[in-house]
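This briefing concerns a predicted model.

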Amino acid sequence: MIRKAAPLILLSALLAPTSMAGTAVASTAATSIAPAWATAATSAKARAVDPLVVEQISSGVLRDQAVPVTISGVVTGTPSAPVRLRVHWGQPFQSREQMAAFAAGQGYPTPSYSTKVQATPLDGSGKLRFEFTLTPRDLGMSSLGVYPLAIEVQDAVTLQPIEIERTFLTYLPPEQPVPKVKLALAMPIVDRPHRAGDSDFMDDDLRASVSTGRLASLLDLVQKSGRAVTWFVDPALLDDARRTATGEYTVRTASGGAKKAADPGARRWLDGLSAALGSRPVVATPYADPDVTALVHAGLDTQTQDAVKRGAEVAGDVLGREISTATAWPVGGALDRDGLDELATSGVRTLLMSGATLPPDPQITTTPDAATTVDTVSGPVTALLTDPTLSEALGTDTSLPGAGLLARQRFLAETAMIAFEQPQQAARGGIGQQAGAIQQQQQMAPLQPVRTVVAAPTTRLWNPDPAFVSGLIKAASSAPWLQMTTLNSIRPGKTQVPRSDLVYTDQDRGSELPRTYLGGVKKLAREASIAEAVTTEPQNLFGDAVLRLASASWRGDAKRVAGFVKQVRTSIDQQMALVSVIDTPRALAGTNGQVPVSVDNSLPKKISLKIRVTSDDKSRLGIGAPGGVYEPEQLIILDNRSQLVNVPVIVHGNGGDSTIAVQLLTADGRPYGKPVHVTVRATGYTGIALVIVGAALAIMLAAVVMRILRRRSGKSLPPGAQASSGQAAAEQPPVSADQGDKS
């Protein structure tokens, strides 16, 4: 360990004088470890091994000039290559803009104090561990503020920079008063949909995610996060997890479907989440977290309102308590006026958006309060604007060595700078003058939180490191200048910073779900509504499926969602096919009459619909109804029954084969499926048939008359003739009735 008295001394023993061979090795190390430090931050992410990693900063906040802070880490490169380390520090930052420039690599701190660890070789494994112990006094910290710190590794031969790590140290003297800033954190529990229809799972990815994957990590974080974080939960995710947890389900495969047993892991995840969220602020996103602006632009306004209503129902049902949907978090934190008005119409009263969507106008040099008011067609709503820098820190990729530590330091430093900013003094001086103003203000009255800042991850499918995020929350909770709060406690102040109108960029619009895709979703929504409308009892067969197709998670994932669309379309078609017109050909003799048309209901529920019949060839076959359209009163057909409808028709000419178009309609007149064309075979020979029947009747009548006359003539014969006639008759064989008729 090194203790600094004046300048820093050597970290370890110096190497022997470097030879030419050593120079070559060092030069090789310089080129193989990394390019110049100016691009190191970007290139380090692409390398498997970072040449310089800061692993520890013992304190996030320095309070006493004499109490040291330890900074340690490791240098990695070519074994035995000579390197040297330099430490840079300087004066406190005057603004967050200066902090951003420093973090982006725009120069060293000014003034810069350098300490060298010269010609120290990496060991046989290509590593060099380092550790510095410094006090605030060593670093020139004399007043409260955020200070720069940079550690650089150089090639000891060429003195070319290999890598530099930049971070921040916050100094707050123990007796120094500082105003508190309210900090609200919002975090999502959102996933992409896994079901197409009610029972059609398109994958089984949820099973692994809730057990050992991303959703398991989110549950771990909820349990560790305390009660100040506001959680946004997607009800469609809860719905999918419940479905896999409560019974057997089917996962679609290329060969059809595979049956899966209920997942106990999903049950444990749901139970754990419900218990953890029971004492924490929870907001339900609209069902399936829809792409609101894209839906409105595609004319799918109703789906947004349905998603808000359905989200509250499902979240409350699964979590066992009432869950609010009055706060909305649009995808990307961006909305235009159309999307804003649609959400307000749907009952949303608070919006969580990116600070870039409502920038101060005119621009100011300090951080404005996160809460503001925005007018909508349904009245004013509250906009809570997230801080981009703080939000980015929550999404830090901690798989990169040292990234979590640097993100924590940056987060604390940024919030400290916000607290140290004094808008009243911003135009008159820097941090030193602001410290005096703070002290004067403290003498007048106890300091109260003067502003609120909000941070939220910038991506919906957030995959956090629970240890990092919970550690960050703990560090923020203990920072002297921060007071943790929840979103629902934030209210706009009486005096608000003037802001521009909503900023919705071309990039925002280009990120939306494509309008061509949503056109297909709109058609499916219309067909789904028709399929659901024929039953006499309300039902929601495909409403949730359509909302899942409108999820913002499908942005940039056209290949995957195509399978979902196909499955939903197939399910709707199969459902509608259960109510149909039987297209058996019908025969009709004559110039007019009735043709029976059969409507079949194979649903397990009673249906109510209408029927409209027209002729496909009016010159041969007409419909015996006004205007040539037969549309009887509403039909009620019991479950698993058929019903005949007699359609009046008129045959023109000599008849022949022609067709009638039978269109089923919902009770409100919307077409149900496509028209069915039923063949009618008409003879048109009614007159000839009457002549034939009349002639046959005349012949039969004549035969009857002749028989009666014979009987009468037999009764008038003499008695002897009658006897002989009777005897002769007795000798004759019997005559059948048919033979008698024929005579």
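**Nonpolar cores**

The largest nonpolar core has 72 residues, of which Met187, Trp269 and Trp481 touch the most other members. Helix H12, residues 403–420, supplies the largest share of this core, with nine residues. In soluble globular proteins, nonpolar side chains tend to be buried together.

**Surroundings of Trp481**

- Beyond its neighbours within four places in sequence, Trp481 is in contact with Leu412, Thr415, Ala416 and Ala419, among others.

**Gln154, a buried residue in a strand**

- Gln154 lies in strand E8, which spans residues 145–155.
- The relative accessible area of Gln154 is 3%, and the residue is therefore classed as buried, the cut-off being under 20%.
- The side chains of Gln154 and Arg84 are joined by a polar contact of 2.5 Å.
- When residues up to four places away in sequence are set aside, Gln154 touches Pro82, Val83, Arg84, Arg86, Leu159, Gln160, Pro161 and Ile162.

**Cavity**

- One cavity of 30 Å³ or more is present in the structure.
- The volume of the largest cavity is about 50 Å³.
- Its lining consists of Thr285, Pro286, Asp289, Pro290, Val292, Ala328, Trp329, Pro330, Val331, Leu343 and Arg460.
- By type, the lining residues of the largest cavity are eight nonpolar, one polar and two charged.

Technical notes. Residues are numbered from 1 along each chain as its sequence is written. This is a predicted model: local features need pLDDT of at least 70, side-chain atom pairs count only at pLDDT 80 or more; totals for chains, interfaces and linings use all residues. Side-chain values use heavy atoms; hydrogens and water are left out. On a 1 Å grid over the protein atoms alone, a cavity is a set of points where a 1.4 Å probe fits but cannot get out, and a pocket is an open set with protein on both sides within 12 Å along at least five of seven lines; lining residues have an atom within 4 Å of a point. Grid points are joined across faces, edges and corners, and a volume is the space filled by probe spheres set on the points. Ala, Val, Leu, Ile, Met, Phe, Trp, Tyr, Cys and Pro count as nonpolar, Asp, Glu, Lys and Arg as charged, and the others, Gly among them, as polar. A nonpolar core is a set of buried Ala, Val, Leu, Ile, Met, Phe, Trp, Tyr and Cys residues joined through side-chain atoms within 4.5 Å. Buried means under 20% relative accessible area, exposed over 50%, partly exposed in between (1.4 Å probe, protein chains only). Helices (H or I, at least four residues) and strands (E, at least two) are DSSP runs, numbered from the N terminus. Contact means heavy atoms within 4.5 Å. A polar contact is a pair of N or O atoms within 3.5 Å; within protein, one must be able to donate a hydrogen and the other to accept it, and residues adjacent in sequence count only if both atoms are side-chain atoms.
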